[in-house]
Amino acid sequence: MNEAENRTRSDVAVVGAGLIGLATALELATRGLKVTVFERDTPGSGATRVAAGMLAPIGELEFGEPGLLSMSLRSRELYPGFVAALEAASGIDTGFRETGALHVALDRDEAGELRRSMDLQQSHGFDSGWLGPIAARELEPGVSPSLAGAVLVEQDAVVDPRALVEALRFALTEVGVEIIQAEVTGLLRGPNGRAEGVVASQADFPAGCVLAAPGAEAGIAGWIPEEVRPPVRPVKGQVAELRGDPESPACSRILGSERVYLAPRPDGRLIVGATVEEMGFDRTVTAGGAHELLREAYRLLPDVAEMEFAGIEAGLRPATPDNLPVIGPTGIDGLVIASGHYRNGILLAPITARAVAGLIIDGRPGEEIGAASPTRFKTEEL
Ligand SMILES: Cc1cc2nc3c(=O)[nH]c(=O)nc-3n(C[C@H](O)[C@H](O)[C@H](O)COP(=O)(O)OP(=O)(O)OC[C@H]3O[C@@H](n4cnc5c(N)ncnc54)[C@H](O)[C@@H]3O)c2cc1C
């Protein structure tokens with residue numbers, strides 16, 4: 001190896017500085033590897049930037065997703081340790097708060113739907129219980145007085161993904177991880193086909209192995225050989241931000257109705273989310289999206305009318321055909337993938353980071369992620 005290669009060679013090249021790439025880079029570097037991260041834009045500017053940051057394995061539970069539930073619960077369990085280490089390293093408050101969530105039915109139809117969600121949660125052994133209007137408003141006095149009932153999920157929590165990214169950047173610098181601002185356009189392959197680095201800004205960056213964490217672009221990324229490209233597609237979400245007084249917050253928990261959720265930040269902001277739109281890679285903020293979010297937020301929590309409107313953004317959730325992420329080795333030796341986290345990438349970052357670090361360092365996932373194996377699509381989709 002010549003001197004130039006020596007200077008730039010890493011153990012792992014991570015492509016994509018969203019929460020998944022950054023959290024995994026930190027886990028790898030903390031375990032002693034030399035890691036370089038490649039990001040075309042600024043770190044955290046993809047889906048991670050717009051996410052509400054709900055850590056809600058129970059409140060967001062849907063029918064037919066048992067594989068996701070066990071991963072989500074485990075990652076929720078890892079969260080306090082994950083943020084404590086980051087906050088200690090960076091001095092940054094990540095906004096992690098174990099607030100719980102109150103899911104509210106605003107009319108009789110919504111009450112029927114909410115009761116079904118509660119039954120599902122109870123069938124998995126969770127103690128979610130039905131609250132009448134008076135009990136619900138004792139917990140959250142700002143909620144619409146015309147509510148039909150509510151379910152309290154005490155285990156759900158919230159974090160500020162932008163603050164997490166800042167804390168991660170700080171912690172990564174401390175452990176010597178370089179983030180290079182460049183678009184990865186190619187994969188370096190060895191004589192036996194093994195992935196041996198990436199091409200970015202027309203330069204070669206050799207590495208012992210490559211982690212693809214490009215979010216919603218995984219399904220179209222030209223640099224990932226077609227035969228191992230996972231069936232990931234973008235699902236657009238618009239999110240509004242309101243500002244209020246941190247001394248008298250509009251709500252103290254995550255609030256959810258059938259059509260909207262409100263996630264409080266410690267500094268008085270309230271995140272209103274989110275639309276779900278199959279629009280390809282379009283990230284336009286629309287009048288219709290803004291109208292829907294604000295109308296439903298007002299229906300749920302009328303006090304939002306007094307809050308400052310701070311803006312709306314759109315992001316692209318990396319979705320897969322079965323709503324499970326794609327985490328693990330690909331058919332190309334030395335190329336590992338972590339994408340497809342859809343609605344739960346903030347929640348699933350700690351388990352993903354540990355699983356991938358285990359795979360790369362020990363040759364087996366550091367956490368149980370069986371249901372997320374990329375090979376499950378091999379016969380139908382690849
Ligand atoms: C509206 C909305 C609300 C959400 N709310 C929640 C929530 O409450 N809780 C939750 O857990 N999850 C939520 N999510 C989901 C979560 O945001 C995503 O699952 C998660 O952010 C995915 O992270 P990522 O790192 O895989 O992707 P991203 O954050 O999109 O990062 C991928 C990065 O890779 C870079 N990149 C791609 N290709 C290249 C290349 N060739 N070269 C260099 N760089 C490249 C991109 O620029 C980008 O920065 C939400 C998502 C949306 C859109």
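Visitor: Where does glycine 331 lie?
Guide: Glycine 331 sits in the loop between β17 (326–329) and β18 (335–339). Keep in mind that this is a predicted model.

Visitor: Is glycine 331 buried, exposed or partly exposed, and why?
Guide: Glycine 331 counts as partly exposed because 13 other C-beta atoms lie within 10 Å.

Visitor: Leaving aside neighbours within four places in sequence, which residues is glycine 331 in contact with?
Guide: Those would be Glu227 and Val228. In sequence, valine 228 is 103 residues away from glycine 331, yet their C-alpha atoms are 6.1 Å apart in space.

Visitor: OK, new topic. How is the chain divided?
Guide: There's domain 1 (3–50 + 162–230 + 322–377) and domain 2 (98–155 + 233–319). Going by C-alpha atoms, their centres are 32 Å apart.

Visitor: And how many residues does the contact take from domain 1 and domain 2?
Guide: Domain 1 gives 14 residues and domain 2 gives 11. On the side of domain 1 that touches domain 2, α3 has the largest share, with 3 residues. That side of domain 1 is made up of 5 nonpolar, 7 polar and 2 charged residues.

Visitor: What about the ligand, which residues come nearest?
Guide: Out of 44 residues around the ligand, the nearest are Gly18, Gly46, Gly215, Gly237 and Gly345. Domain 1 and domain 2 each put at least three residues into the shell around the ligand.

Visitor: Which helices and strands supply at least two residues of that shell?
Guide: Among them are α2 (19–30), α3 (47–50) and β12 (233–243).

Visitor: And what's the shell like by class?
Guide: Around the ligand you'll find 22 nonpolar, 15 polar and 7 charged residues.

Definitions and conventions. Residues numbered from 1 in each chain as written. Predicted model: local features only at pLDDT ≥ 70, side-chain atom pairs only at ≥ 80, totals over all residues. Near = placed C-beta within 6 Å. Helix = DSSP H or I, 4+ residues; strand = E, 2+ residues; numbered from the N terminus. Nonpolar A, V, L, I, M, F, W, Y, C, P; charged D, E, K, R; others polar. Domains from an automatic or database assignment. Contact = placed C-beta atoms within 7 Å. Buried ≥ 20, exposed ≤ 12 C-beta atoms within 10 Å, placed from the backbone.
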